[in-house]
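Dear colleague,

Please find below the structure I promised to hand over. My notes on it follow directly after.

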Amino acid sequence: MSSLLEVRGVGKQYGSVIALRDVSTVVNAGEVTCVLGDNGAGKSTLIKILAGLHQHDTGEFLVEGEPVRLSSPREALDRGIATVYQDLAVVPLMSVWRNFFLGSEPTKGFGPFRMLDRRAGRDTTKRALAEMGIDLRDVEQPVGTLSGGERQCVAIARAVHFGAKVLILDEPTAALGVKQAGVVLKYVAQARDRGLGVVLITHNPHHAYPVGNRFLLLKRGRSLGSFDKKGISLEELTRQMAGGAELEALQHELRGAAS
Ligand SMILES: Nc1ncnc2c1ncn2[C@@H]1O[C@H](COP(=O)(O)OP(=O)(O)O)[C@@H](O)[C@H]1O
Ligand SMILES: [Mg+2]
């Protein structure tokens, strides 16, 4: 069976800036592929290619074994690839359930009598959230009143509900405290256990390691490799992320400055 997504030697250039070079990895159903790297590593560039926002210049991008070039986010979505961006496309003053449906609200009646089916909308949202183990007291409350972690959870439940095969999350835990990050990671694991292929972007190896099956390490647009979990330990992942020898040199320097 082919992977849900696969990139083979993918590269992307913006003018003279090489944002990504020769990157390869896979995303399988029921697995989490983590993309790790510091600022400017090329993480967002890679997910923009997967999400249909940008196109790769070199290499191959395959969706369920078929080489593709996605021309829009709509096309990605039609192929079951849902992306939750860091800033989340939510309308803060709109209720949780309206945000849940955004653009695909249930209606009742016909023609000129067609109207929003509020009850169905509320009930469906409540049920979908409950299925993921998310308990929101009131789905009428404005989404702006939710915490950052809760918003990520609603976005994950939304993708699952609308039948995504692949869920891409751009730094979902970056702005969160330890506890909220843990909650979001729990829903990442749930989406995985429901059979979705998840792409988790993060620069925190401690967030990636517990839920990840595969770790793609990027550094200044280059791949340091795509490792299966059994091929890399948390310590090694952390060391690679920290820049290994570079960090040790810095620590040495800082110690010197402090004495
Ligand atoms: N639209 C763009 N135009 C020009 N350069 C870009 C553009 N997007 C990203 N870059 C450059 O590509 C590199 C990788 O960026 P990005 O993928 O955003 O990294 P990350 O998400 O890991 O921080 C950076 O050097 C960045 O400045
Ligand atoms: Mg980024």
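In helix H1, the residues Lys43, Ser44, Thr45, Leu46, Ile47, Lys48, Ile49 and Leu50 are buried. Because eight of the eight residues of H1 are buried, this helix is largely enclosed by the rest of the structure. Please bear in mind that the model is predicted. Just after H1, Gly52 adopts a positive phi of about 85°.

The residues around ligand 1 are Tyr14, Val17, Ala19, Gly37, Asn39, Gly40, Ala41, Gly42, Lys43, Ser44, Thr45 and Gly221.

How do the residues of the shell around ligand 1 divide into nonpolar, polar and charged? Four are nonpolar, seven are polar and one is charged.

As for the protein chain as a whole, nine helices and twelve strands are present. The chain has 259 residues, of which 38% count as buried. Among the contacts in the protein chain with a separation of 6 or more, 69% are accounted for by residues 24 or more positions apart.

With kind regards

Methods
Residues are numbered from 1 along each chain as its sequence is written. Chains are lettered from A and ligands numbered from 1 in the order in which they are written. This is a predicted model: local features need pLDDT of at least 70, side-chain atom pairs count only at pLDDT 80 or more; totals for chains, interfaces and linings use all residues. A residue is near a molecule or strand if its C-beta atom, placed from the backbone, lies within 6 Å of it. Ala, Val, Leu, Ile, Met, Phe, Trp, Tyr, Cys and Pro count as nonpolar, Asp, Glu, Lys and Arg as charged, and the others, Gly among them, as polar. Helices (H or I, at least four residues) and strands (E, at least two) are DSSP runs, numbered from the N terminus. A residue is buried if 20 or more other C-beta atoms lie within 10 Å of its own, exposed if 12 or fewer, and partly exposed in between; C-beta atoms are placed from the backbone. Two residues are in contact if their C-beta atoms, placed from the backbone, lie within 7 Å.
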